[in-house]
Amino acid sequence: MKANLRSSKTLTVALALVLINVIVILISLNTGSLRIAPLEVVRTLFGFGDFKSSLVLFDYRLPRIIITMLAGIGLGISGAILQGVSRNPLADPGIIGLHAGASFGLIMFVTYFHSLNDKVALLIPLFTFIGGCLTALIIILLTYDRYKGILPIRLILVGIAIAACFNAITLFLSLRLDEDTYTFASRWLVGNVWGRDWIHVIALLPWIVILTPIGILQSRKLDAISLGDSTAVGLGVSVLRTRLSMLAIAVALSSASVAMVGGIGFIGLVAPHLARRLVGPRHQHFLPVAGLLGMVILVLSDTVGRSIFQPNAIPAGIVVAAIGGPYFLYLLTKTK
């Protein structure tokens, strides 16, 4: 009975978040230098708009919104997985150092390819993923104990140190770029949503569509790990294998997401906490809700950033940081 009530509550919360996101999307479609009436937005989406409205919505605004939706889902679920793997409520792809590795991968890409357009853009998530994997590998090597396996308590401390190293390397390499590429890299690092074409949607979509269901299907193992390693082993869970596989999923989701929206932090920290408060601690319930919350937060942040100081836009990462920073300090005061 309690499980059914929990599942019903999860479904209700998920539907409410989808409705909120639809409202935010409609507002976002009307946000920009060219105003389109809400009714005209709906007409255009169903194929009854004029040429100008269709051009603005389908060629400029809609791809960007879909990018923020996909990236928000990826960052929210990635953060939830990392908190489960590390058993640390302060774990986040940015804090643990994965974003720093992804930044290093992106800088290597722009250094050697000198292109951010067309089909070459399909390689960007791959390079950020390689950078994230390199960071994760170093973190695992430094936190692994041959008797106790991966030590969760070391993950964040080692991740912060590794992030500092990669950030220094990234800054050094970015100073050697030409002016236009450096401008792109600097805006990317503060969380600027640069993926605005359908080719970028195609580049990000497979990562989210394939890895998100896999992560949710493996969520029961995270419930076992949250009880402690010895208890998880007693329940028949391979702790080391589960940690490595779930960590790989978290790295892939976060690296692919930031490839298109820049180094946005705190979504992976805030979304899982809010999801846990809404639907409880079981990963099979709050993992998908964390993804939906991440989607709402990022779409809303990008919309606010594009509209509050028109015609100038504020990177979504700055808006997210304005929310996530105080919340992170709140969590620090509440976490023992």
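Reader: In which helix is Leu26 found?
Author: This is a predicted model, with local features needing pLDDT of at least 70, side-chain atom pairs pLDDT 80 or more, and totals for chains, interfaces and linings using all residues. Residues are numbered from 1 along each chain as its sequence is written, and side-chain values use heavy atoms, without hydrogens and water. Helices are DSSP runs (H or I, at least four residues) numbered from the N terminus. Leu26 belongs to helix 1.

Reader: Why does Leu26 count as partly exposed?
Author: Partly exposed lies between buried (under 20% relative accessible area) and exposed (over 50%), with a 1.4 Å probe and protein chains only. Leu26 is placed in this class because its relative accessibility is 35%.

Reader: Which helix gives the most to the lining of the largest pocket?
Author: A pocket is an open set of points on a 1 Å grid where a 1.4 Å probe fits, with protein on both sides within 12 Å along at least five of seven lines; lining residues have an atom within 4 Å of a point. Here 17 residues form the lining, and Gly32, Ser33, Arg64, Arg196 and Arg306 lie nearest the centre. With 4 residues, the leading contributor is helix 3 (residues 51–86).

Reader: Which helix gives the most to the lining of the second largest pocket?
Author: Gly94, His99, Gly263, Ile264 and Gly265 are the closest to the centre of the second largest pocket, among 17 lining residues. Two or more residues each come from helix 4 (98–113), helix 6 (152–174), helix 7 (179–189) and helix 14 (316–334). The most, 3 residues, come from helix 4.
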